[in-house]
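Keep the sequence and the 3D view open while you read.

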Amino acid sequence: MLSRRQFLTLAAIATATAACGQGPTSSTPSPGPANPLRIPPLLQAGADGRFTLTMKAGTTEFVAGKPAPTWGFNGSYLGPTIRARRGDRIRMRVVNELDEPTTVHWHGMRLPAKMDGGPHQMIPAGGEWTPEWTIDQPAATSWYHPHPHGETARHVYRGLAGMFLLDDDDDKDEAAGAGLPGEYGVDDIPLVIQDRVIGDDGTLVEDPVATWGLMGDRILVNGTLDAAFQVTRPAIRFRLLNGSNARKYNIGFADGRAFHVVGGDAGLLRAPVQVTRVSLTPGERVEIVATFKAGEQALLRSFAGDLDLDDREFDLLRLDAAPGLKPAAALPATLSDRPAIEVPADAKVRRFTLNGSDAINGQEMDMTRIDEVVPAGAVEIWEIVNTVYAHNFHIHEVEFAVLDVDGAKPEPYLAGPKDTVYVPPKATVRLAVRFGEFVDPATPYMYHCHILRHEDEGMMGQFVIVTPGTEAQVNRTLPATHQHA
């Protein structure tokens, strides 16, 4: 990946050359050196029926011959992909072999608060945590990562993250996504996109910038620098995860080709949506299907925008198509029959104002304070009011639909189902939020900006889900030592 100075110099040369009628266009794929895209292995349950994730320190060679100190799950960087089906009973064993406490949060999972892995479920150094829950939600691309209050940015930056894919038992039905590519690692490809600063010695540089925290000038995809993937099927399903601490990506192909969005954070769309770009802020996921011709080369790219968060252009992944591809099958017209979120006429409206980078509604996060109490199964309208620069907003446990952004309807692929949303500078985003049925008045879920420095600095709040009609009885103060091991 070029430095900013090299990029600007080459861009100037390219512009001058193009003016003389010579040289490639800006959308021409770069055939430069590349490394085979690493595909995270699928995690298998052990003889005891548990999935084991072990957090530990190690070394990773992002640059050949230059080992870097990193953290990972079951390895030196990132973690394996967990895959489960609706109805499965998940039994986890999370082991912390690091020299400091941390947590593991199941981002996008609908599950009891005690199993959520937020900052109240700390795992001490040398300890372990054994959460269990039953998968009861539609097919989706979710993920897992640490969530220790005040330390999430550093723990994620060092490499602690992984995919958690959910399937439906009835996925042979067209209404559950039949016809979508589904062979993991072949035509169903996870892409964990992260920006990092890599020093001359190959190590990850932890040097935060003002306002945003840890931001990089080089791209890792599944932990691979300068990644390339060999396309062997005519249609490929990419599960894109913005696993960065702060950066926003505007993703498309260098040649401008169209592709289809088939899923958002919380599951499949009702029907495919054709686009040429998708935008992702930290924590957001999107599933896309792209088609390729035999023997061609394509380039997945993130295009520069007009914010500090997306001010650079990055080549994400080179795609080299095999010479013998068959024509791609048509996508199904219907992907999901899940009901839309219906907002009752008397729905409760809650407003959350994002102040600076460290407060919501004028208050910094307090582990002992319950900010909101929600009746189980409720559908509410949440208004996210951003008074400053760019933020985003993630709510644990729920799924939501984006009603509007400053009064305008969102692009169809961004309407939902979602659990994380971009909130533009000085804009208001309205959400229709559907809550689950897991009642626990003493254990909170989180809502927060997913720019990790902002989350760590206090732009986070807590809510509990309770039996309807008991909201006024909830103790809004938790003990200072409140946690579940």
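Q: In what order do the five strands of the open sheet that holds β27 stand?
A: This is a predicted model: local features need pLDDT of at least 70, side-chain atom pairs count only at pLDDT 80 or more, and totals for chains, interfaces and linings use all residues. Residues are numbered from 1 along each chain as its sequence is written, and side-chain values use heavy atoms, without hydrogens and water. Strands are DSSP runs of E with at least two residues, helices are runs of H or I with at least four, both numbered from the N terminus, and two strands pair if DSSP finds at least two bridges between them. The pairing in this open sheet is mixed, and the order is β25-β32-β31-β27-β29.

Q: Which strands stand at the edges of this sheet, and why is one side of each left without a neighbour?
A: The twist averages 25 degrees from one strand to the next, with axes fitted to C-alpha atoms and angles running from 0 to 180 degrees between N-to-C directions. An edge strand here has a single partner strand, so one side of it has no neighbour in the sheet. The two edge strands are β25 (372-375) and β29 (420-423).

Q: What is the bridge partner of His 394 in β29?
A: Strand β27 covers residues 391-395. Its pairing with β29 is antiparallel, over four bridges. In β29, His 394 has as its partner Thr 420.

Q: Which strands stand at the edges of the six-stranded open sheet?
A: The order is β1-β14-β22-β21-β16-β19, and the pairing is mixed. Each edge strand has a single partner, so one of its sides lacks a neighbour in the sheet. These edge strands are β1 (35-36) and β19.

Q: Which residue of β22 stands opposite Leu 300?
A: Strand β21 (residues 297-302) pairs with strand β22 (residues 314-321) in the antiparallel sense, over six bridges. In that pairing, Arg 301 stands opposite Asp 315. Leu 300 stands opposite Leu 317.

Q: Which residue stands opposite Leu 300 of β21 on the β16 side?
A: Five of the six residues of β21 are buried, meaning under 20% relative accessible area, where over 50% is exposed and in between is partly exposed (1.4 Å probe, protein chains only). Strand β16 (residues 249-253) joins β21 by three antiparallel bridges. Opposite Leu 300 stands Phe 253.

Q: Which residue of β7 stands opposite Val 94?
A: Strand β5 (residues 89-96) runs parallel to strand β2 (residues 51-63), with five bridges between them. There, Leu 53 stands opposite Val 94. β5 also pairs with strand β7 (residues 128-129), antiparallel and over two bridges. In β7, the residue opposite Val 94 is Trp 129.

Q: Which residue of β8 stands opposite Arg 91?
A: β5 and strand β8 (residues 132-134) pair in the antiparallel sense. Three bridges hold this pairing. Opposite Arg 91 stands Glu 132.

Q: How much space lies in the largest cavity?
A: A cavity is a set of points on a 1 Å grid over the protein atoms alone where a 1.4 Å probe fits but cannot get out, and lining residues have an atom within 4 Å of a point. Points are joined across faces, edges and corners, and a volume is the space filled by probe spheres set on them. The search of the whole structure finds one cavity of 30 Å³ or more. The space in the largest cavity is about 50 Å³.

Q: Which strands each supply at least two residues of the lining of the largest cavity?
A: The lining includes Ser 279, Leu 280, Arg 285 and Val 286. By class it has four nonpolar, two polar and four charged residues; Ala, Val, Leu, Ile, Met, Phe, Trp, Tyr, Cys and Pro count as nonpolar, Asp, Glu, Lys and Arg as charged, and the others as polar. The strands are β19 (278-280) and β20 (285-291).

Q: What distance separates the C-alpha atoms of Asp 358 and Glu 457?
A: Asp 358 lies in the loop between β23 (349-355) and β24 (359-360). Asp 358 is partly exposed, at 29% relative accessible area. Glu 457 is 99 residues away along the chain, yet the C-alpha separation is 5.0 Å.

Definitions and conventions. 1 Å grid on protein atoms, 1.4 Å probe; cavity = no way out; pocket = protein on both sides within 12 Å on 5 of 7 lines; lining within 4 Å.
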